[in-house]
Amino acid sequence: MIYEFGAFVLDVGERRLVREGRALALRGKAFETLRVLVENHGRLVPKEALMKAVWPDALVEEGNIANTIATVRKVLSTEDAPSNHVETVPGHGYRFVCRMTAVRDSTDSNPTEVAAPPVAPEHHRHLEAGRRALDAGAWQEARVAFERLLDVDETPEALEGLGLAAWWLNLADVVFDSRERAFRGYRSRGDQRSAARVAVWIAWDSAAFRGEEGVAKGWLQRARRLLEGQPDSPEHAFLAARDAVFTLLDDGDPEAAEALSREAIRVAQAIHAIDYEMVGRALLGFSLITTGRVTEGLRELDEVSAAILAGELTDRLLIALAGCYLIGACDRARDHGRAVQWCERVQEHSRKWGLKPLFAVCRTQYASVCMWRGSWDEAERELTNACDELAVCRPGMTSDGLARLGELRRRQGRLDEAASLFDRSGGHPIATLGRAAIAYDRQDRQTAIELAERHLRRLPVKNRTERAAALELLIRAHTVPKHPGDLERARAALNELQSIASSANTSPLLASASLAAGRVSAAAGDLESSRREFEDAVDLFEKSGAPFEAAHARVQLATALERLGRTDAALAELEHAREELTRLDARLELAAADAVRQRLAPASKSHVFVDPVGLTGRELEVLRLISGGLSNQAIGERLCISEHTVHRHVANTLSKLGVPSRSAAVAHAAKLGLL
């Protein structure tokens, strides 16, 4: 390739640098250094990448590269002025900042495209000031610098810089306008790689700001086309990584995402770009975990975490992205210990550098960890704040936070609110499965089964860890006591769930498999096997630090013990469960525990429940189910009593509390601490 900038012509093939027709003496490592910087013009080249490119087979100190850069600058200088072609980014690397006036293949006598005249020195100062501000995380200062430059000279570099500053400032209109103009500017110049880089950014923007996945995929395809036949570059790694994200999270195809992640790693290793390599490895680990190869995936994630902690990565955005993918992978593997550690680190990094969009996304993931560990108040704060932030800065990404908040509301027993949040989340996987869970909670088993099966049909069988939650719900709906469904279908779902759990070998998934196995055994009448499976589920959930799941498993264990005639043991399990469910304010689960206890109360008078305002245990159960949004019919089905009896309990409850309506009864009972 031949590059023209200012008065210079760099012929890479002939290894020659010419100024105004006169060849200059630039040889060896100095020429290689200039070549690498020019080929990456406008982009930061980290010191490590530059050293590996110029000295691939030798160990060198930073002093070598500093001396070589000084040689390059000396050759590019004139008697009147020192060179300002190469910018030093302290602590990071170097950037070639002079504008290319032509780029052409060495076999072509004509430039492919010729741009405007070189940038004037004062314009360079604005460009460098903007880039320094970006490097420092001073987004508003960067925006001002780039806008000043654009007032006098519109260049794609300045437009791209403005677009990045606006991206961090959440100025969507400025982002799209600047980047689309930068794309056209690079295309008119013939700079395919830079145009492709901006195209990948616009793809990301289209999904994050506007939720336009079709448009996003169109921009990714444009970037692919522009990079065809080009040598490996950071743009190739950026495209492969971003493509892997869309493929894994939007298309649900972990095998294709694995291939794309490996391509990002290959390119990054070829060009010695450690930041892109670690982003690729984080996505590879995420993909492997999704296919059920959890141990293999965690090895990749551990390497990423080590590289981040060792300070090997320098790009702040890529550090945060790698951390977010790591958290998402841990969440999918239900490895919440790892997830909480990385949530804290990514949040600290995001706060330090003002990375608000990534901080908000990380908060939704952290909230799920809080939900699992029983810190529901903290989960609610994180989700509410994250949803508010994303609504402002990335509207296209709000569905994740809304869906997770809906799941929290469902666990709390606030079913109407949960349903509303799931509706606002559209087709988000958590929301689609959440609707099935609400149907189950409202005693509509058939709808729950149909929705769970529909969810599973949308997920490829190879998407193993993501299928686990739907399989759990399907088994639950087919094994309802006194209302058994299709036991063979429940067993088929259990076989798949056990295979996933065995492959993953994590305590939370093993616990879920034991809980499901206990349900199937109970439905088949094998009570001793059911008891053992439920006991294992309780132990594994407690080991995983999951109090809600452990309490739910205890209620199932109490039911099995009840059927075995072991009343005192059943009541002991119920008391443990009720204590935790009361702390969590999990109304529906607490009502289910009370229903079992009410059945057992005559067998153990020491456990008879007496309410301080005169409500019977049954009336309190009904009131808790009312607070969860259940109708009289659904309450009757839940408690195995007639709708007429439920109506009588409701009337008695309203009378004892002295209130006129069901909603007033719930509000008054909440004030009294009965719920």
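Here are legends for several close-up views of this predicted model.

As this is a prediction, local features need pLDDT of at least 70 and side-chain atom pairs count only at pLDDT 80 or more, while totals for chains, interfaces and linings use all residues. Residues are numbered from 1 along each chain as its sequence is written, and side-chain values use heavy atoms, with hydrogens and water left out.

View 1. Strands here are DSSP runs of E, at least two residues, and helices are runs of H or I, at least four, numbered from the N terminus; two strands pair if DSSP finds at least two bridges between them.

**View 2. Positive phi at Arg 15 and Asn 170.** Arg 15 sits in the loop between β2 and β3 and has a phi near 50°. Its relative accessible area is 39%, so Arg 15 is partly exposed (buried is under 20%, exposed over 50%, partly exposed in between; 1.4 Å probe, protein chains only). Asn 170, in the loop between α6 (156-168) and α7 (172-189), has a positive phi of about 65° and is buried at 18%.

**View 3. An aromatic cluster.** Rings of Phe, Tyr and Trp (its six-membered ring) pair if their centres lie within 6.5 Å; planes under 30 degrees apart are stacked, over 60 edge-to-face, the rest tilted. That gives 13 aromatic pairs. Trp 167 and Trp 201 are edge-to-face, because their planes stand at 75°, with centres 5.2 Å apart. This pair joins helix α6 to helix α8 (residues 192-210), 34 residues apart. Trp 167 is buried at 2%, and so is Trp 201, at 11%. Phe 238 and Tyr 276 make a tilted pair, 6.4 Å centre to centre with 45° between planes, linking α10 (residues 234-250) and α12 (residues 274-290).

**View 4. Arginines over phenylalanine rings.** A charge sits over a ring if NZ of Lys or CZ of Arg is within 6 Å of the ring centre and within 35 degrees of the ring normal. Arg 210 lies over the face of Phe 176, 3.5 Å from the ring centre; for Arg 242 over Phe 246, it's 5.9 Å.
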